[in-house]
Amino acid sequence: MHFESPIKRRKSRQIMVGNVPVGGDAPISVQSMTNTETTDVAATVGQIQRLANAGADIVRVSVPSMEAAEAFGLIRKQSPVPLVADIHFDYRIALRVADLGVDCLRINPGNIGREKRVEAVISKAKDLGIPIRIGVNAGSLEKDLQKKYGEPTPDALVESAMRHVDFLDRYNYPDFKVSVKASDVFMAVAAYRKLATKIEQPLHLGITEAGGLRSGTVKSSIGLGMLLMDGIGDTIRVSLAADPVEEVKVGWDMLKSLKLRAKGINFIACPSCSRQNFDVIKTMNELEMRLEDITVPLDVAVIGCVVNGPGEAKEADLGLAGGTPNNLVYVDGQPSTKLKAENLVEELEALIRAKAAAKAKAEESIIAKA
Ligand code: SF4
C-alpha cells in the first residue's frame, strides 16, 4: 500500500505565491475560493480560516470593486494562507491591492485595455515580486476568438492564453501561472495538454463550473485525474456549487488517490453486505467525521468480514476486520486488539488516534536526526 506515485511530473518553472511554492518540485497545492461578500471582512476571514483548516494551501478572493480592494487589504492581514486577488478588467483595482499587499494577482493582461495600463500593472507586479495568474475560461473568450473558432475549442483557449503570455513575455516577466478552464472535460483536458507543451510556467488546473457536490466531484476527478496522471498540473482548484470547504476536501482526496500528496487518513472501507459483522457504513461515516483533524498520513482499513478483512487490514497502518464474536484490529500488519460491536467507534477512534500520534512522533524523530 505504501508505494510511491509512479507519476512523472512535467518540469515547470517554480513561482512563489506568498510562502507557497508552485511548480518545479513543489507539492501540488490545493486552492479554493471564498464565496462571501469580500466587503464583509469578518465573514471572509472566517471562511478563509475554515478553508485553511481543511487544508487549503492558497485561497482566492474576488475583488470586484475599489471598496472590495480596501477590504482585501484588511482580510490579507488576518489570513493564515497566501491570497490571490481575482480581478477583471479594472487595472486600478490591481494596482490598489498590490499596494495594500497581495500574494498573486489573477488578471488577464490582454483584457486590461490600453498598453499603458498593462505596463503599469506588470511593472508594479515586477517591482513588488507579485506573481500573476492568467486565467482563461471557455465562458469568457475574447469576441474575436469566438468569431474565429465559431465556439470555444481547446485551440481557442490556448490561443487566448498565449496572447496574455505574450504580454508578460514582452515585459520580460516570467513569474506567472496559467489556467485554461472549461466546463467540458474533453475541452479542458485537450487545452491543458496543448498548453503544457508551449510554456514552462506552472499550470493551475480546474474544470470550471463543474456542478454540484457529487456531479462536480466526478467531473473534476475525471478531468483533473487525466491531467495529473499525465504529470500535468502544479496547483488545483475543484470548482463546486457547494461549500468551498468541500472543494478542498475533494482536492486532497484526488491528490491522495494518485499518491501525489499525503495528508490525514486514507480510508479503505468495504461497501458492506449481509456478511458484515458490524455496521460498516455507520462506522466509516462516524470515523470520517471524528478524525478530520488528523493530518499525519495514515492508512486505515474498515472491512466488514473475514472475506477481505484480514488481507486489507494487514496492509493498512491500522485495520479492522469484522468477525464473530469479536472484530479484530491489526496494527502494522499484526493482529492486535479484539473489539466487540458495542462502543466500536469510540474504541476504534482511540486506537487510530494513538497510532497517528505514534506515527507523528516517529516522523518527528526522523526529521530531527536528519
Ligand atoms: S468484506 Fe465482507 S462484509 Fe464487506 S462487502 Fe466484502 S463480503 Fe461483504
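**A guided view of the predicted model**

F89 is found in the loop that joins β5 (83-86) to α3 (91-100). Although F89 is not a glycine, its phi is positive, at about 70°.

The peptide bond leading from T324 to P325 is cis, and its omega is near 0°.

The overall division of the protein chain may be considered next. Two domains are assigned: domain 1 covers residues 15-257, and domain 2 covers residues 265-369. A distance of 38 Å separates the C-alpha centres of domain 1 and domain 2.

The discussion now turns to helix packing. Two packed helices are described by the angle between their axes and the distance between the axes. Helix α1 (residues 41-54) packs against helix α2 (residues 66-78) at an angle of about 40°, and their axes are 10 Å apart. The helices α1 and α2 are therefore oblique to each other. In passing α2, α1 makes a right-handed crossing. On the side of α1, the contact is made by V41, T44, V45 and I48, while α2 contributes A71, L74, I75 and Q78. Sorted by class, the contact of α1 with α2 comprises 6 nonpolar and 2 polar residues, with no charged residues.

Another helix pair is formed by α10 and α12. Helix α10 (residues 280-290) and helix α12 (residues 344-369) have axes 10 Å apart and pack at an angle of about 45°. That angle makes α10 oblique to α12. The crossing in which α10 passes α12 is right-handed. From α10, the residues T283, E286, L287 and R290 meet L344, V345, E346, L348, E349, I352 and R353 of α12. The contact of α10 with α12 is made up of 5 nonpolar residues, 1 polar residue and 5 charged residues.

Around the ligand stand C270, S272, C273 and Q276, together with I303, G304, C305, V307 and N308. By class, the shell around the ligand has 5 nonpolar and 4 polar residues, and no charged residues.

Note on methods:
Residues numbered from 1 in each chain as written. Predicted model: local features only at pLDDT ≥ 70, side-chain atom pairs only at ≥ 80, totals over all residues. Heavy atoms only, no water. Axes fitted to C-alpha atoms, helices over the stretch in contact; angles between N-to-C directions. Helix = DSSP H or I, 4+ residues; strand = E, 2+ residues; numbered from the N terminus. Parallel < 35°, antiparallel > 145°, perpendicular 65-115°, else oblique. Left-handed = near helix turned anticlockwise from the far one by under 90°. Contact = heavy atoms within 4.5 Å. Nonpolar A, V, L, I, M, F, W, Y, C, P; charged D, E, K, R; others polar. Domains from an automatic or database assignment. Near = heavy atom within 4 Å.
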